[in-house]
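Trainee: I would like to go through this model with you, starting with a helix and the sheet beside it. Then we can turn to the nonpolar cores.

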Amino acid sequence: MSRIGKAEIKLPEKVEVKQDSTVIKVKGPLGELQTPIFAGISLKNEGGTVKLERSSEEQNIVALHGLTRALLMNSVKGVTAGWEKNLEITGVGYRAAKRGEDLVMNLGYSHEVVYKAPKGIKIEVIEQVKIKISGIDKQLVGQVAADIRSKRPPEPYKGKGIKYNDEFIKRKAGKTGKK
């Protein structure tokens, strides 16, 4: 049996979980999310504790059991505490600023790079070189962070570009002159 799938989820206060036909609706203080539930997996909500059970031991249902539980747990954490990713910009003249709801970045190109945040995502700029992305949907927060990072990924020689706060850039030695 899946170790992840059989683990129970203890619901915090003010969090409601309801199952429709193909989705699980999770409602909490920060908002509402929908998580898919796959055929062969059922939800049992027993007084503040949620447990997922599967109908058979088929390989695909066993695999989806743990996945469904992980997605549901991410949704529960998202509607209670939220998710966030932090990015850092490194490079001379590289900076970011907010213009209305848009993120405007100078990344060494001849033009400004403008990024429009999707609905449900909050982007903050701290000290012109630090970007904080937050929201309730873990997948969307991670995708927005990856999209912003892809505008100028860090290069290995000087480390210039946009990187995650906890990311380590392995540096390469540059060219050496004749001896």
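Trainee: Which strands does helix H2 lie across, and at what angle does it run to S4?
Mentor: Keep in mind that this is a predicted model. Helix H2 covers residues 59-80 and lies across S3 and S4. Its angle to S4 is about 175°.

Trainee: Which strands stand at the edges of that sheet?
Mentor: The sheet is open, with three antiparallel strands in the order S2-S3-S4. The twist from one strand to the next averages 20°. Two strands have a single partner each, so one side of each lacks a neighbour in the sheet; these are S2 (16-19) and S4 (31-36).

Trainee: Which element gives the most residues to the largest nonpolar core?
Mentor: That core has 19 residues, and those touching the most other members are Leu103, Met105, Ile123, Ile131, Ile133 and Ile148. Elements giving two or more residues include strand S9 (102-106), strand S12 (130-135) and helix H3 (138-149). With four residues, the element that gives the most is H3.

Trainee: Leaving aside neighbours within four places in sequence, what is Ile123 in contact with?
Mentor: Ile123 is among the core residues that touch the most other members. Beyond those sequence neighbours, its contacts are Lys98, Leu103, Tyr115, Ala117, Ile131, Lys132, Ile133, Val144 and Ile148.

Note on methods. Residues are numbered from 1 along each chain as its sequence is written. This is a predicted model: local features need pLDDT of at least 70, side-chain atom pairs count only at pLDDT 80 or more; totals for chains, interfaces and linings use all residues. Side-chain values use heavy atoms; hydrogens and water are left out. Two strands pair if DSSP finds at least two bridges between them. Axes are lines fitted to C-alpha atoms, for helices over the stretch in contact, and angles run from 0 to 180 degrees between N-to-C directions. Contact means heavy atoms within 4.5 Å. A nonpolar core is a set of buried Ala, Val, Leu, Ile, Met, Phe, Trp, Tyr and Cys residues joined through side-chain atoms within 4.5 Å. Buried means under 20% relative accessible area, exposed over 50%, partly exposed in between (1.4 Å probe, protein chains only).
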